[in-house]
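Here are a few notes to read alongside the model, written as numbered points. Please keep the structure open while going through them.

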Amino acid sequence: MRVRLPGGALEPAQLEVLAELAGAEPIELTSRGNMQLRGVGDLESAREQLAAAGLLPSATHERVRNIVASPLADGYREAAARLDRALVARAGLAALPGRFLFALDDGAGDVASLAADAEIRSGVLHLDGHPTDLPGAVDALLDAAQAFLDLRGDEWRVRDLSDGAARIAAALGGAVTGPRAIPAPPIVPPVGWFDRPDGAVDLGAGVPLGRLEPRLAHFVAAVEHPVTVTPWRTLVLHGLDEGAAETVVRVLAPLGLIFDANAPLLRVSACVGDHGCARAQGDSLAHAADLAGMIADDERVHVVACGRGCGAPSGEHRRVVVTEEPGE
Ligand code: SF4
């Protein structure tokens with residue numbers, strides 16, 4: 001099951017539900033800040049539990065609720081929730097392709113690196129990375145998505161549509177004002193201690209290979225603070241006081257969460273490999289864990305278990321294809 005989390009936002013009680021549903025399997029964090037559960041036995045019951053937790057607000061729009069937001073920006077979590085509600089309220093937008101991506105970037109360029117189709121960046125509407133003279137507002141994002149639907153044939157993304165950004169901007173009464181500009185993804189994900197203007201602390205935590213053990217998920221939920229899943233397969237715990245943040249690091253670091261932004265394991269990722277994919281020719285996860293001790297300081301590696309290369313991170317990285325068991 002893929003559980004979409006607009007803006008990556010999760011409340012502790014929702015994380016608790018996901019940890020229960022995961023059973024013994026790790027919860028996978030995805031490159032769009034969502035979560036995936038494997039091996040869920042009773043799908044109908046799982047759906048009911050997700051719906052009761054507010055994680056399935058729309059049967060018609062589930063596939064299109066693809067929203068990322070700058071994880072450390074004040075108010076962006078709430079803005080993502082507003083966009084999600086407005087998206088679900090527009091019946092016609094249920095027809096969007098499942099790959100169409102909305103982004104809310106505070107100007108840091110972090111989620112802008114994901115090359116969203118319709119994005120607010122520094123208060124301006126961007127279309128496939130092109131700035132426009134249109135205001136960055138929820139309605140403008142949704143109007144752009146509708147214009148894409150009106151113009152598309154079988155294209156899945158704005159970038160696939162010939163002159164897509166300019167034609168969509170024109171349909172909204174505006175114009176593209178510059179070339180496509182996609183920032184590089186952050187070299188270091190938001191991991192560690194972040195002081196907020198209100199004196200509280202946001203605590204970023206790396207999750208080894210983006211796989212959150214259910215037991216650890218229960219512990220994170222027990223902190224009882226809002227959580228964000230980032231597109232870099234990390235977590236942010238929001239609004240802790242200093243004492244609570246210190247306790248979280250002291251308790252959860254020995255259990256596997258990573259609070260050092262320079263830890264090599266944060267620069268290694270892997271597809272699920274033979275832990276969940278029939279095409280796999282090897283154990284990509286085990287190889288990735290082995291590689292973490294050997295990569296250079298500025299290197300990023302993605303390990304896959306066949307030539308398809310699923311789950312690659314955005315930005316520069318070395319791809320390793322494994323076809324055998326670790327140690328062979
Ligand atoms: S890269 Fe290959 S082995 Fe890995 S998840 Fe994709 S299809 Fe499966």
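1. Strand β1 is joined to strand β4, which covers residues 35-36, by two bridges, and the two strands run antiparallel. Within this pairing, R2 is the residue that stands opposite Q36 in β4. Please bear in mind throughout that the model is predicted.

2. The pair belongs to an open sheet of four strands, whose order is β1-β4-β3-β12 and whose pairing is antiparallel. Because β1 (2-3) and β12 (211-212) stand at the edges and each has a single partner strand, one side of each is left without a neighbour in the sheet.

3. Helix α1, made of residues 12-22, packs on this sheet and touches β1, β3 (27-29), β4 and β12, while its direction makes about 125° with that of β3.

4. How do helices α1 and α2 lie relative to each other, roughly parallel or roughly antiparallel? Their axes come within 10 Å and cross at roughly 170°, with α2 covering residues 43-52. Angles over 145 degrees count as roughly antiparallel, and α1 and α2 are therefore roughly antiparallel to each other. On the α1 side the contact is made by V17, L18 and L21, and on the α2 side by A46, Q49 and L50; by class, this contact has five nonpolar residues, one polar residue and no charged residues.

5. Turning to the ligand, the residues around it are C271, C277, R279, A280, V304, A305, C306, R308, G309 and C310. Sorted by class, this shell has seven nonpolar, one polar and two charged residues.

Notes. Residues are numbered from 1 along each chain as its sequence is written. This is a predicted model: local features need pLDDT of at least 70, side-chain atom pairs count only at pLDDT 80 or more; totals for chains, interfaces and linings use all residues. Side-chain values use heavy atoms; hydrogens and water are left out. A residue is near a molecule or strand if one of its heavy atoms lies within 4 Å of it. Ala, Val, Leu, Ile, Met, Phe, Trp, Tyr, Cys and Pro count as nonpolar, Asp, Glu, Lys and Arg as charged, and the others, Gly among them, as polar. Two strands pair if DSSP finds at least two bridges between them. Contact means heavy atoms within 4.5 Å. Axes are lines fitted to C-alpha atoms, for helices over the stretch in contact, and angles run from 0 to 180 degrees between N-to-C directions. Angles under 35 degrees count as roughly parallel, over 145 as roughly antiparallel, 65 to 115 as roughly perpendicular and the rest as oblique.
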